[in-house]
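Take a walk through this model with the sequence at hand.

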Amino acid sequence: MVKQTIQIFARVKPTVRKQQQGIYSIDEDEKLTPNLEIILPRDLADGFVNNKRESYKFKFQKIFDQGASQETIFENIAKPVAESVLAGYNGTIFAYGQTGSGKTFTITGGAERYSDRGIIPRTLSYIFEQLQKDSSTIHTTHISYLEIYNECGYDLLDPRHEASSLEDLPKVTILEDPDQNIHLKNLSLHQAATEEEALNLLFLGDTNRMIAETPMNQASTRSHCIFTIHLSSKEPGSATVRHAKLHLVDLAGSERVAKTGVGGQLLTEAKYINLSLHYLEQVIIALSEKHRAHIPYRNSMMTSVLRDSLGGNCMTTMIATLSLEKRNIDESISTCRFAQRVALIKNEAVLNEEIDPRLMIIRLQKEIQELKDELAIFTGEQRTEALSDAELLQLEKLITSFLDDQDPESRLEVGTDMRKIHHCFHHLKKLLNDKKIHGKSTVSCEIKDQDCQEPLKEEEYKKLRDILQQRDNEINILVNMLKKEKKKAQDALHLSSMDRSECRHSQSLPFPPGNPEGLRTLPSSAPKQIQDVSTFGYRSSLLHRKTGMREEMSLGRQEAFEIFKRDHADSVTIEDNKQILKQRFSEAKALGESINETRSKIGRLKEEITQRHMQQVALGVSENIAMPSMPDLLEEKLRSQLEEEKRRYKTMFTHLKALKVEIEHLQLLMDKAKMKLQKEFEAWWTEEATSLQVNSPAVNSLSHVKPFPQTPEFQQETSQPLFNKSNVNARKILPSPSPIPHSQEHNSTSASLESSVPERPASSVPLTGDSQTDSDILAFIKARQSILQKKCTSSAPSVWIMRKVRPREPT
Ligand code: ADP
Ligand code: MG
């Protein structure tokens, strides 16, 4: 049993502007516990002059200032917890702090760079690496991902996300067994055999969460998310199984309702959060008070789920995330105060071992049989009738597999029946005699062979050959995947340059469903590939349903999407990541080639060594002298070269594996960013279509056209009166060639604007009769108008435009 108080750490988020930074200092004496001092300037507006400043000091296990990297956070905070989980103890890491202070960044990671990976992906990577190293134990890993929102639990990995909206899914509920153990009903557990599979689950959960979120339901700041890694391990042959759970928790924002200052729906939510964090606080207060008999875990779902993590069988760590800007000082102080109370809680972690009843039964059955057999020997119970043919055949099969078994400990189990024992001896004798007759010549041959091979024993040689074969296969798979990726990248390039109409037939979506860059790369085994494909298929269809996206995009919609995409703030990140990805692919390719070269070199060296050795032996035989006792210098040299090449091979292989993980991660990040983009586009599109229907007679009036909800810089632009904007940069919104035949197209003068905007009601626009296509056409026209409008603001006479196309202030 390990007794430990909850470990508390502080992490300060980088402030964007230095002048907004509050005053704080970190006092880190090697011998003492580090101190965070926050200085609160006395408010001079209180009416009296007071130069004294109030200072608050808080102790933490360690404090990470603004510059701390994700790697440092993982090494110092998460790695020790992951290690104890691997040793069989439960662990929890939770991030607490106000919205925007960096909880999600710390727990899951940033959405842009690979180096921004947070605690979850790094911990998964570490755990799988350790499990792979330990081949003496059988491990299984499962993942679950729970979201608690307004006191209801949702399974973020429920496959039914595809078919239903969040509200229609069965809620995760808590069940308590007579031993007061908590069980979560409707929370699915997914086995993950590799880091890749676990990462896919993480991204799937995050995507489900993102898709369920709407502006009315900003779940990410108001809900708690618990990502759990369940580990079980067992020694082969043992009936004892070890279970350990690691909860990685991203709590809701800890800000108070008063500050939220909102009404209606949002207030209800804020109250809930407060309520749920309030209950967490109550549990923590109760736990930190000595001799408190009752701990109110049951008051909220979150405290029930995290019951073990708080004062129970768990090693728990809290990260207080702080945004120390002046306006956030109050919240930061309350976060630190909360942490100080948490630090008083003592947990008692025990090894969670249990006996697997099935294995126990098998073991007991065997023991009973053995005892019965022994008893039969003692009681002298004999059987006289002859063994049947089937029994004889069965015995011979047993003998063959016994002889084939390489394990020196293996036994030939025939019980105590003397007839069977005799038959076995008889059969073995026969086999031995047969072998003597047939095998005399071969045996001597083998002995000679073995002599020749002495330095590189046959067994060792075989082992090396097998390893080489395995590596060969791995490399072939990797190289194939790289080829496929490259081809896909080329195809994508080709496609984008293709005529739009062709594009329409070959590609129904701006991003093909699921994974636009192709299937997952570099899977290490075929069955996994299938799993990956299904995950992504699932993900894409999920997106379709959730975003209301249709398989076939009309031309107008496609065009609008292209522009939307180009102007979106995230497109820079997507482009950047695409570039990095390309770079990584070529790195991986080059590495794959070097690995291949090294492999052939190893093969050649081995061949040379064998030949050299044979020459030496032949020399000895011909000159009738024994093997020279002096080591052969050339052979030694070859051997050291071989070792060197093997080392190189291993290093490169490890590097290639790391590259593979990075490529995987980058692709997932991009998938996520693209889904977000598409989702935002769909929302914008729907909104436009709705407003179009409402205002249909005025489709020619530009007064209600809402600009794309794009980069903040553009929003700023449009919120200013247009006559001030004669220098607006129009590059971003240049219209692309129109798929709809327009008589007058995109001239940048105001006159041509007038003619490009249909001066007639929407009903007189040539429509197809299909309502969906029609609304697409109308929406396209509107999008086009909004583009032209933006374009014209940059060059047209401002007063005219003011009258004609001034947009509404953005909502
Ligand atoms: P929370 O989950 O607490 O509401 P987030 O993790 O979403 O906050 O962080 C808010 C923003 O600040 C995000 O854009 C995030 O990328 C950024 N951020 C937070 N912490 C850091 C950090 N340590 N370094 C860089 N950016 C950060
Ligand atoms: Mg967050």
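At what angle do the axes of H3 and H4 cross, and within what distance do they come? They cross at roughly 160° and come within 9 Å. Axes here are lines fitted to C-alpha atoms, for helices over the stretch in contact, and angles run from 0 to 180 degrees between N-to-C directions. H3 and H4 are therefore roughly antiparallel to each other. The cut-offs are these: angles under 35 degrees count as roughly parallel, over 145 as roughly antiparallel, 65 to 115 as roughly perpendicular and the rest as oblique. The crossing of H3 and H4 is right-handed. Handedness is read from the near helix: turned clockwise from the far one by less than a right angle it is right-handed, anticlockwise left-handed. On the H3 side, the contact uses Ile-120, Pro-121, Leu-124, Ser-125 and Phe-128. H4 brings Glu-195, Ala-198, Leu-199 and Leu-202. By class, that contact has seven nonpolar, one polar and one charged residues. Ala, Val, Leu, Ile, Met, Phe, Trp, Tyr, Cys and Pro count as nonpolar, Asp, Glu, Lys and Arg as charged, and the others, Gly among them, as polar. Contact means heavy atoms within 4.5 Å.

Some ground rules come next. This is a predicted model, in which local features need pLDDT of at least 70 and side-chain atom pairs count only at pLDDT 80 or more, while totals for chains, interfaces and linings use all residues. Residues are numbered from 1 along each chain as its sequence is written, chains are lettered from A and ligands numbered from 1 in the order in which they are written, and side-chain values use heavy atoms, with hydrogens and water left out.

Now the whole chain. The protein chain holds 22 helices and 17 strands. Helices (H or I, at least four residues) and strands (E, at least two) are DSSP runs, numbered from the N terminus. Of its 811 residues, 45% count as buried. Buried means under 20% relative accessible area, exposed over 50%, and partly exposed in between (1.4 Å probe, protein chains only). Take the contacts between residues at least 6 apart in sequence: 76% of them join residues at least 24 apart.

Go back to H3, residues 119-133. H3 also packs against H1, at an angle of about 45° with the axes 9 Å apart. H1 and H3 are therefore oblique to each other. Their crossing is right-handed. From H1, the residues in this contact include Ile-73, Phe-74, Ala-78 and Ala-82. Those they meet in H3 include Ile-119, Arg-122, Tyr-126 and Ile-127. By class, the contact of H1 with H3 has nine nonpolar, three polar and four charged residues.

H1 itself is not straight. This helix, residues 70-86, bends by about 45° at Ala-78. The bend is the angle between axes fitted to the seven residues ending there and the seven starting there. Pro-80 follows within four residues of the bend. Buried residues of H1 include Ile-73, Phe-74, Ile-77, Val-81 and Val-85. An α-helix has 3.6 residues a turn, so residues three or four places apart point the same way. After H1 comes Gly-88, with a positive phi near 110°.

Ala-244, in strand E14 (residues 240-250), is in contact with Val-85, Gly-88, Tyr-89 and Asn-90, among others. At 5% relative accessibility, Ala-244 counts as buried. Ala-244 and Glu-353 are 109 residues apart in sequence, yet 9.0 Å apart in space, C-alpha to C-alpha.

Is Asp-116 buried or exposed? Asp-116 is buried, at a relative accessible area of 11%. It lies in the loop between helix H2 (103-107) and H3. Beyond neighbours within four places in sequence, Asp-116 is in contact with Gln-70, Phe-105, Gly-109 and Gly-110. Glu-197 sits in H4, residues 195-212. Glu-197 is also buried, with a relative accessible area of 11%. Its C-alpha atom is 9.7 Å from that of Ile-143, 54 residues away along the chain.

Finish with backbone geometry. Most residues other than glycine have a negative phi. Glu-151 has a positive one, near 65°. Glu-151 is in the loop between strands E8 (138-149) and E9 (152-155), and is partly exposed at 28%. Asn-186 has a positive phi of about 75°. Asn-186 is in the loop between strands E11 (182-185) and E12 (190-191), and counts as partly exposed at 30% relative accessibility.
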